[in-house]
Every structure is written in structure tokens, then in C-alpha cells.
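Colleague: I am new to this structure. Could you take me through some of its parts?

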Amino acid sequence: MLERQELDNKISEIAKVLLSYCVVRTPNQFEAEDLAQDIILEIYKSADNLRDEKAFYGFMWAAAGNVYKGWCKNRAKNKECELTENIFSDDNFSQDEDESLYLLRRELTLLTEKYRKAVVLYYIENMSCSEISDKLSISESMVKYLLFKSRQILKEGMNMERNYGSQSYNPKELFIAYWGKGNNRYYHIGDSKISQNILFACYNDKLSAEQISLEIGVALPYMEDKLNELLEYDLLKKDGNRYYTNIVIFTEDFTNEVNSKTTALRERIADIVQNAITEREQEIRNIGFYGSDMNDSVFKWQIASFILYEAVVDILPSKIELVYPVDKFGTECFVFGCEKGKNSYWQSQFCFGISNLTTANGDYIQFMDFPVNGEMVHHHFRHNIANVFCDIAKGKAESFGENDRALAADMVRKGYVLANENGLSVNAPVFTSEQYVKLKDIFADTAEQISDEAEALMDKVTKIMKNHMPVHLKKLHLF
């Protein structure tokens with residue numbers, strides 16, 4: 001029996017001859033290299049059966065012949081589609097090969113970027129290996145390896161059954177929510193349905209890019225930028241070649257359970273807020289803040305936001321020792337996803353945010369932001385806009401320059417400023433620092449009462465959430 005070192009030496013000696021044998025029997029260099037590799041592997045597997053070193057060459061050619069016969073049978077059986085120069089030309093394929101063409105194109109959409117670039121440049125753009133080497137800044141050997149490896153991946157994939165996931169025909173809708181102490185850097189990410197579905201697909205399972213592509217029904221070339229963006233913002237993590245979601249998602253199942261188990265508590269909080277506003281409406285309007293003459297419906301919305309903010313943001317954290325996690329940008333905040341569904345609060349017509357800031361002049365603005373035609377705008381409400389908003393409240397719009405008029409027109413479009421024959425007026429409250437203190441005093445007891453109810457509500461919701469969270473997020477001890 002040959003020793004391993006001797007066997008290695010003999011295979012090194014016959015490698016070129018073996019490759020030549022394969023070249024004349026296969027349609028291209030890559031097929032030849034593939035076949036030669038299979039033959040060498042078979043020689044290594046069967047070498048223990050070789051008792052006479054002198055019989056090595058006969059043994060080698062017998063192994064080569066057997067492997068080649070098997071290769072021909074598999075090729076005929078699978079009707080393998082070749083990577084020809086006209087790979088994307090339908091005219092290059094007969095009717096019998098339509099299925100193979102479809103399978104080939106399907107697998108090309110699942111190739112990761114480094115392999116896909118090499119394949120496209122070589123087969124579609126007809127670039128040589130040296131040209132590809134220059135373009136991609138890699139060695140020619142690496143180009144050949146990528147092309148060779150791509151062929152293996154494509155061939156293996158074409159012989160596999162691929163099943164598209166339910167999100168490919170029934171995509172999810174997520175609202176990316178933010179609660180924290182700094183600016184919201186994440187609101188734009190939720191604009192992409194691809195990003196929403198990637199996050200949902202990877203919530204309970206760690207998936208490769210190929211698996212995500214099949215689950216959501218989006219080819220890798222159209223998905224890779226979104227994957228990279230989600231990784232950049234730390235909303236997605238990577239474990240080897242598999243991705244997993246790094247934020248909590250309030251799924252529809254979670255929301256349904258919360259709804260059923262907290263109805264009485266939520267109704268009690270709503271009654272407290274409504275009764276407090278109704279009983280003290282005139283006292284509140286008499287403070288004389290800008291916008292105090294707004295209509296009854298808007299008035300109740302905006303004062304409700306003030307009461308809830310006092311109860312949940314200012315008072316409740318001290319009771320539950322709320323600790324904000326720090327995101328990768330150093331901001332203390334919670335970022336989470338909310339699935340939109342028929343029973344979800346996060347349908348566009350129901351979700352809201354609260355915007356509050358103090359201007360350089362000491363004016364305080366706070367309002368509840370609910371969508372106008374599905375558009376959330378509180379994340380745009382920055383100090384330059386706030387200053388214009390306050391000037392409108394104070395009747396100073398006549399002195400506006402071109403930029404201020406443009407900002408005012410945008411606020412009219414979004415519903416936070418009203419325009420009529422009397423000019424412009426604000427549709428959300430603006431308080432001086434003294435008026436703000438008076439409003440806090442009016443609702444001090446109410447806010448305290450609501451914070452107690454909210455604490456009980458959070459206990460129930462936390463228990464439900466722990467049952468719905470995936471294991472990898474439970475390890476972060478977010479709750």
C-alpha cells in the first residue's frame with residue numbers, strides 16, 4: 001500500500017496529464033478542473049485498495065474512466081445549463097432547456113456579491129481574467145478561483161429544490177420606532193419595505209443572505225445595500241454568514257395578546273385623561289398660551305400628549321428605574337420595530353409621536369404628532385423650524401424672508417400651521433416658561449395617578465414581551 005507522501009508525489013506528477021485528459025472531454029476549462037478534482041478525490045478515497053505500487057497508473061486511469069462515466073451520466077440526467085458567452089440570451093437555449101435556464105438564472109440571483117461580480121464581468125461583459133483582476137483589485141488567481149467556485153455553487157443550487165418563504169408573497173409592514181434622549185437617526189430606515197422584511201425574517205431565526213433572499217422573494221443584488229445599512233445601524237447583527245435582528249419587534253401576535261390582557265387598564269387611563277381635560281379645560285385655556293384658542297378636537301389631542309408625557313416620560317422612569325441602552329452612536333435610546341396589522345396600534349392612521357423642545361427665547365413647544373395622509377413629521381421639527389413656528393404664534397410672520405416663508409408653507413401642508421383670511425396661526429401649543437410651569441401644576445396629581453396605572457400596565461406588557469422575544473435578545477436583558 002502506498003504511503004501518503006508517496007501518493008501525494010505521484011498525484012503531483014500526473015496532475016497536468018490528468019487535467020489534459022479532462023480538457024478534451026469537457027466543454028470548458030472550468031468543467032475540466034472540476035472533473036479533474038473529482039478524479040483526484042476518488043484516487044485518494046480508493047488508494048487503500050492499491051497493493052502494488054507498479055500498478056498505480058493503471059489504477060489511476062481506471063479511476064479516471066469511472067469518474068468520467070459518472071460525470072457523463074449526471075450531465076445527461078440533469079441537462080445541465082452551461083455558462084456560455086450568451087448566458088442571458090433566450091435564443092441560445094432550446095425549448096427543452098427552458099427549465100435549466102430558469103434554474104440557472106434563479107441561482108445567479110442568489111450568488112453573493114463577490115462571486116456574482118466575477119461571473120457577470122466574465123460571462124456577460126466578456127472581460128478577461130486579467131481585466132477583471134484590475135477592475136476588482138484582486139489577483140488573477142483569485143478571479144479564476146471565484147469563477148470556478150461560482151460554477152460549483154451554481155451547479156449545486158440548480159440541483160436543489162428552492163422554496164420561497166411566505167414573505168415573498170405576503171410581505172410584512174414594520175414601523176421603526178424610537179424612544180430616547182437624542183435625535184432619531186433611524187426613521188428613514190423604515191421607509192424601505194425590503195429592510196422591514198429583512199428584519200422580520202431574521203427575528204426568530206439566523207439566516208444566510210441566500211435564505212433571506214428566498215424568504216422575502218428579493219434577489220441578492222437588490223438586497224445587499226439594505227443588509228449593509230441595517231448592519232451599519234446595528235439593527236442587524238451577523239454570526240458567521242448568518243444574520244439576526246438586533247431589536248425587539250412588537251409583532252401582531254404580541255399586540256393581540258397585550259390588547260386582550262390590558263383592556264381594562266388602558267380604558268382606565270383613557271378615562272383619567274379625558275376627565276381631567278374636560279374638567280379643567282377653561283382653566284387650561286385661560287393660561288393664555290399661543291394656540292389656546294384651537295378647536296376642541298385638536299385641543300384635547302395636544303393636552304393629552306402633555307399629560308401623557310408628564311406621566312410616562314418625566315415621572316414613570318423614576319419609579320421603574322428606567323435605564324436606556326446606548327446605541328452604537330452613543331445615544332441613550334430604545335429602537336424597536338412594530339408590525340402593522342389589522343389589530344395593531346401601529347397602523348399608520350393610529351401611530352403617533354410626541355415632539356417637545358425649548359427655543360433659545362425660552363418658549364416651549366410640545367405636540368402630539370399623528371399622521372396626516374400617513375406622514376409622520378415630528379422628527380423634522382428642529383430648532384430652525386421651531387423658531388419660525390413660534391414667530392407665527394406671536395404674529396411675526398409679516399417679516400419672514402424667503403426661507404422662513406418656505407418653512408411656513410411646509411408646516412401649513414403638514415397641518416401644524418393654519419392659513420386663512422386672517423393670516424397664519426399655529427395648530428399646536430406654544431408656552432412661555434411661566435405658562436409651562438402653570439400647566440404642570442394643573443396636571444401634577446393627574447400625571448402622578450396615570451404614572452401609577454402605567455407602571456402596572458408595563459409590568460403586564462413586560463411579562464408578555466418576554467414570552468414573545470427570541471432567545472438571542474433575551475440574553476441582552478432588555479427587560
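This is a predicted model: local features need pLDDT of at least 70, side-chain atom pairs count only at pLDDT 80 or more; totals for chains, interfaces and linings use all residues.

Colleague: How do the axes of α12 and α16 cross: parallel, antiparallel, perpendicular or oblique?

Modeller: Helix α12 covers residues 296-320 and helix α16 covers residues 444-468. Their axes come within 8 Å and cross at roughly 60°. Angles from 65 to 115 degrees would count as roughly perpendicular and those under 35 as roughly parallel, so the relation of α12 to α16 is oblique.

Colleague: How many residues in the contact of α12 with α16 are nonpolar?

Modeller: On the α12 side the contact includes Ile307, Leu308 and Glu310. On the α16 side, Thr446, Ala447 and Asp452 are among the residues involved. Two residues of the contact are polar and five are charged, while the nonpolar ones number ten.

Colleague: Which strands are the edges of the open sheet of three strands?

Modeller: The strand order is β2-β4-β3, with antiparallel pairing. An edge strand pairs on one side only, which holds for β2 (207-208) and β3 (236-239).

Colleague: Which helix lies across β3 and β4?

Modeller: The helix runs at about 100° to β3. It spans residues 220-232 and is α10.

Colleague: Is glutamine 435 buried or exposed?

Modeller: Glutamine 435 lies in helix α15. Leaving aside residues up to four places away in sequence, glutamine 435 touches Ile287, Gly288, Phe289 and Val430. Its relative accessible area is 13%, and under 20% counts as buried, so glutamine 435 is buried.

Note on methods: Residues are numbered from 1 along each chain as its sequence is written. Side-chain values use heavy atoms; hydrogens and water are left out. Axes are lines fitted to C-alpha atoms, for helices over the stretch in contact, and angles run from 0 to 180 degrees between N-to-C directions. Helices (H or I, at least four residues) and strands (E, at least two) are DSSP runs, numbered from the N terminus. Angles under 35 degrees count as roughly parallel, over 145 as roughly antiparallel, 65 to 115 as roughly perpendicular and the rest as oblique. Contact means heavy atoms within 4.5 Å. Ala, Val, Leu, Ile, Met, Phe, Trp, Tyr, Cys and Pro count as nonpolar, Asp, Glu, Lys and Arg as charged, and the others, Gly among them, as polar. Buried means under 20% relative accessible area, exposed over 50%, partly exposed in between (1.4 Å probe, protein chains only). Two strands pair if DSSP finds at least two bridges between them.
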